[in-house]
Amino acid sequence: MQIIETTDLDTLARLNRYIHEPHVAQQPNFFKPYDFATVRAFFAKIVGTGTHQFLLAELDGEAIGYVWIEYLRRPESAFQFAHSKARVHHLCIVDDKQQQGFGRQLLVEVERRALEQDIHKIDLDYWMSNDGVDVFYERLGFEKMRQVVTKSLH
C-alpha cells in the first residue's frame, strides 16, 4: 500500500460514501443521505487550507481509503494549558479491503506526520453503534478519555 497526500476532491467524495452510508444506516435521524456533490463541495472548502490534510491509501494504483486529519493548536486559557493535537475526523477503507491492516497503516502515518510537527497527541471519536471499532483503536494504543451521553427529548 502507498500513502500519499491528496487534494483530489472527486476521489475523496467518492470514498466518503464508505464511511457515510453506514452512519446514515445507524443514525438516520442525525446523518443526511450521502450525496456526492454535497460532500465534494464541503471538502473543497477545507482541502489545502493548511490545517486540514487528507492522506490517500492506494493499492496497485487504486484508491482504497483515506484519512482526514486536522492539526489543532490551542493557546493557553483560564481552563487549559496550551496544547496541540492531530484530530482524525475520518478513517475510511473501502468495504472489501477492511480488516487487512490498511487502516492501521494510515494511522501509523498520521502518528509519523504529527510527530514531525512536534504534536504528541492524536484524538478521534466514533459512534458506539460502530461495532468492533473500539477494539481496533485500543489495539493501536488509543485510550478512552471522555464519555459523551445524549438524551432525546420527545
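1. A search of the whole structure, which is a predicted model, finds 11 aromatic pairs; here the rings of Phe, Tyr and Trp (its six-membered ring) pair if their centres lie within 6.5 Å, with planes under 30 degrees apart counted as stacked, over 60 as edge-to-face and the rest as tilted. One of these pairs is formed by Phe 43 and Tyr 66, whose rings are edge-to-face at 6.3 Å centre to centre, with 80 degrees between the planes. The pair links distant parts of the chain, since Phe 43 belongs to helix H2 and Tyr 66 to strand S3, 23 residues apart; helices (H or I, at least four residues) and strands (E, at least two) are DSSP runs, numbered from the N terminus.

2. Are Phe 43 and Tyr 66 buried or exposed? Phe 43 is buried, with a relative accessible area of 1%, and Tyr 66 counts as buried at 0% relative accessibility. In this note buried means under 20% relative accessible area, exposed means over 50%, and partly exposed lies in between (1.4 Å probe, protein chains only).

3. On the basis of the model, residues are numbered from 1 along each chain as its sequence is written, and side-chain values use heavy atoms, with hydrogens and water left out. Because the model is predicted, local features need pLDDT of at least 70 and side-chain atom pairs count only at pLDDT 80 or more, whereas totals for chains, interfaces and linings use all residues.

4. The strands form an open sheet of five, in the order S1-S2-S3-S4-S5 and with mixed pairing, where two strands pair if DSSP finds at least two bridges between them. Strand S1 (2–5) and strand S5 (122–124) stand at the edges with a single partner strand each, so one side of each is left without a neighbour in the sheet. Neighbouring strands of this sheet are turned by 30 degrees against each other on average, direction ignored; the axes are lines fitted to C-alpha atoms, for helices over the stretch in contact, and angles run from 0 to 180 degrees between N-to-C directions.

5. Going through the pairings, strand S2 (residues 52–59) and strand S3 (residues 62–74) are antiparallel over eight bridges, and Leu 56 has Tyr 66 as its bridge partner in S3. S3 and S4 are likewise antiparallel, over 10 bridges, with Ser 84 in S4 as the bridge partner of Arg 73. S4 and S5, by contrast, run parallel and are joined by three bridges, and Val 88 has Leu 124 as its bridge partner in S5.

6. Two helices lie across S2, S3 and S4: helix H1 (residues 9–26) runs at about 90 degrees to S3, while helix H2 (residues 36–46) runs at about 45 degrees to S3. Eight of the 11 residues of S4 are buried, so S4 is largely enclosed by the rest of the structure. S4 also takes part, with helix H3 (residues 102–116) and S5, in a right-handed β-α-β unit, right-handed meaning that, with the strands pointing away from the viewer, the path from the first strand over the helix to the second runs clockwise.

7. What does Ile 64 touch, not counting residues up to four places away in sequence? Ile 64 lies in strand S3 and is buried, with a relative accessible area of 0%. Its contacts (heavy atoms within 4.5 Å) are Met 1, Leu 15, Ala 57, Glu 58, Leu 59, Cys 92, Ile 93, Val 94, Lys 97 and Phe 102.

8. Arg 17 lies in helix H1 and counts as partly exposed at 32% relative accessibility. Its charged end sits over the ring of Tyr 18, 4.7 Å from the ring centre; the criterion is that NZ of Lys or CZ of Arg is within 6 Å of the ring centre and within 35 degrees of the ring normal. Leaving aside neighbours within four places in sequence, Arg 17 is in contact with Pro 22 and Tyr 34.

9. Two loop residues deserve a look at the backbone. Gln 99, in the loop between S4 and H3, has a positive phi of about 60 degrees although it is not a glycine, and at 85% relative accessibility Gln 99 counts as exposed. Asp 118, in the loop between H3 and S5, has a positive phi of about 60 degrees and is not a glycine either; at 55% relative accessibility, Asp 118 counts as exposed.
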